[in-house]
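Reader: I've got a model open and would like to go through it with you. Can we take it strand by strand and then look at the side chains?

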Amino acid sequence: MSYNGNRSHVELPIPNGWFAVAWSKDLVDGEVKRTRYFGEELVVFRTRNGVVRVLDAYCPHLGAHLGEGGRVVGETIRCPFHGWRYDGDGKCVEIPYCKDHAPPAAAKVRSWPVLERNRMIFVWHHAEGLPPSWEFPVMEEIGHPDWTEPRLFELEVPVHMQDMAENNCDPVHFHFVHGNLHTPEQTVEYAEGGRFMRVTGNHETTTNMGTFKVRLDRDCWGLGLAAVRMVGISNAGLLMYSSTSPVDSSHAASRWLFTVTKNLVDVAGEDFIANLSTGVLEDMRIWKNKIHRASPVLCQADTFLVEFRKWVRQFYSTPAGDIRAEA
């Protein structure tokens with residue numbers, strides 16, 4: 001954790017958990033991509049059998065970047081510099097000009113745990129290198145015949161991902177930033193050992209089908225992975241599924257997926273998608289120009305923010321800051 005200027009301005013560490021690093025559709029069999037997350041250079045590739053692998057990017061031989069000219073060979077990736085091949089566990093399995101000897105034991109790179117689910121490729125990050133300790137569910141709506149083919153939306157933000165996630169537990173900002181006439185009623189509940197959080201908000205919405213009292217359920221698994229569902233219009237539904245991932249301690253990449261029931265899409269579905277995807281742009285000016293207060297001065301009405309700050313501490317190996325409320 002580092003401090004810039006005012007000691008109450010803290011640079012947050014990178015949290016632990018599952019984070020999307022690519023869309024599934026963007027990686028076909030045999031393809032190699034260079035990317036950067038968690039403050040690390042990574043190479044992502046899909047083997048000839050369709051398995052996604054993620055490794056540290058730099059070859060231990062002479063430091064070539066495996067994502068710049070590296071090639072998939074069967075179930076391995078081949079270094080573009082001297083042809084050393086690494087399997088999905090990061091172990092060197094062949095040196096083409098040294099076949100009479102086994103590769104050196106030190107010829108290996110870090111392999112990252114991967115899950116491909118809900119049209120995204122996820123990587124497990126843990127600051128202490130611990131293996132995955134939890135998973136997250138399959139979204140049954142994605143690919144269901146009664147739901148539309150998902151619409152995808154991507155966003156890069158120069159802010160720590162915690163500051164983005166905090167909006168879910170900040171109902172007051174919907175009035176001042178998004179122009180809602182009333183601060184929405186909100187409740188919060190926890191499950192799955194405390195790693196799961198559901199934020200429920202109730203409001204009234206007007207569509208071509210009429211005016212409805214609807215409920216938005218915002219489900220969060222860890223810090224950065226969320227699903228928003230709309231409940232209240234008979235036989236109709238909306239899902240926004242998103243993963244916000246730390247590029248480094250001060251930049252995040254957010255992937256959003258939208259799908260609605262087919263009976264809703266031409267009536268109100270497009271409006272719901274547009275409102276959610278453009279609403280985030282109203283937050284952008286705040287995010288781009290704010291700092292993170294690790295010990296914010298809060299008032300008695302900031303109950304949800306206090307709960308959120310306490311909840312997220314479990315996702316850091318080294319939590320930052322304390323919470324205090326002042327009237």
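Reader: How many bridges join strand β11 to β12?

Author: This is a predicted model, so to speak of a local feature we need pLDDT of at least 70, and side-chain atom pairs count only at pLDDT 80 or more, while totals for chains, interfaces and linings use all residues. Residues are numbered from 1 along each chain as its sequence is written, and side-chain values use heavy atoms, with hydrogens and water left out. Strands here are DSSP runs (E, at least two residues; helices are H or I, at least four), numbered from the N terminus, and two strands pair if DSSP finds at least two bridges between them. β11 (residues 114-117) runs antiparallel to β12, and the bridges joining them number 4.

Reader: Which residue in that hairpin takes a positive phi?

Author: Val 114 of this pairing stands opposite Val 123 in β12. The hairpin has 2 residues between the strands. The one with a positive phi, near 60 degrees, is Asn 118.

Reader: And what is the bridge partner of Trp 23 in β12?

Author: β12 also pairs with strand β3 (residues 17-23), in the antiparallel sense and over 6 bridges. Within β12, the partner of Trp 23 is Met 120.

Reader: Is β12 covered or open, and which residues are on each side?

Author: Buried means under 20% relative accessible area, exposed means over 50%, and partly exposed is in between (1.4 Å probe, protein chains only). By that cut-off 6 of the 6 residues of β12 (120-125) are buried. In a regular strand the side chains alternate between the two faces of the sheet. Here both faces are covered: one side has Met 120, Phe 122 and Trp 124, and the other has Ile 121, Val 123 and His 125.

Reader: Why is β18 described as largely enclosed?

Author: Strand β18 covers residues 238-248. It is largely enclosed by the rest of the structure because the buried share of its residues is 11 of the 11.

Reader: How many bridges pair β18 with β19?

Author: On one pairing, 6 bridges join β17 (residues 225-231) to β18 in antiparallel fashion, with Val 228 opposite Met 240. β18 and β19 form a hairpin with 2 residues between them, and Ser 243 stands opposite Arg 255 in β19. The β18 pairing with β19 (residues 251-260) is antiparallel too, and its bridges number 10.

Reader: What is the strand order in the open sheet of 3 strands?

Author: Strands of a sheet pair through backbone hydrogen bonds, either parallel or antiparallel. This sheet has antiparallel pairing, in the order β4-β5-β6. Its edge strands, each pairing on one side only, are β4 (32-37) and β6 (52-56).

Reader: Which residue in β6 stands opposite Val 44?

Author: β5 (residues 40-46) and β6 pair in the antiparallel sense over 5 bridges. The residue facing Val 44 across that sheet is Val 54.

Reader: On to the rings: how many aromatic pairs are there?

Author: Rings of Phe, Tyr and Trp (its six-membered ring) pair if their centres lie within 6.5 Å; planes under 30 degrees apart count as stacked, over 60 as edge-to-face and the rest as tilted. By this rule the count of aromatic pairs is 12.

Reader: Which residue lies over the face of Phe 136?

Author: Phe 136 belongs to one aromatic cluster with Trp 18, Phe 122, Trp 124 and Trp 134. A charge sits over a ring if NZ of Lys or CZ of Arg is within 6 Å of the ring centre and within 35 degrees of the ring normal. At 5.3 Å from the ring centre, the residue over Phe 136 is Arg 117.

Reader: Last one: what share of the protein chain is buried?

Author: The chain comes to 4 helices and 21 strands. Of its 327 residues, the buried share is 50%.
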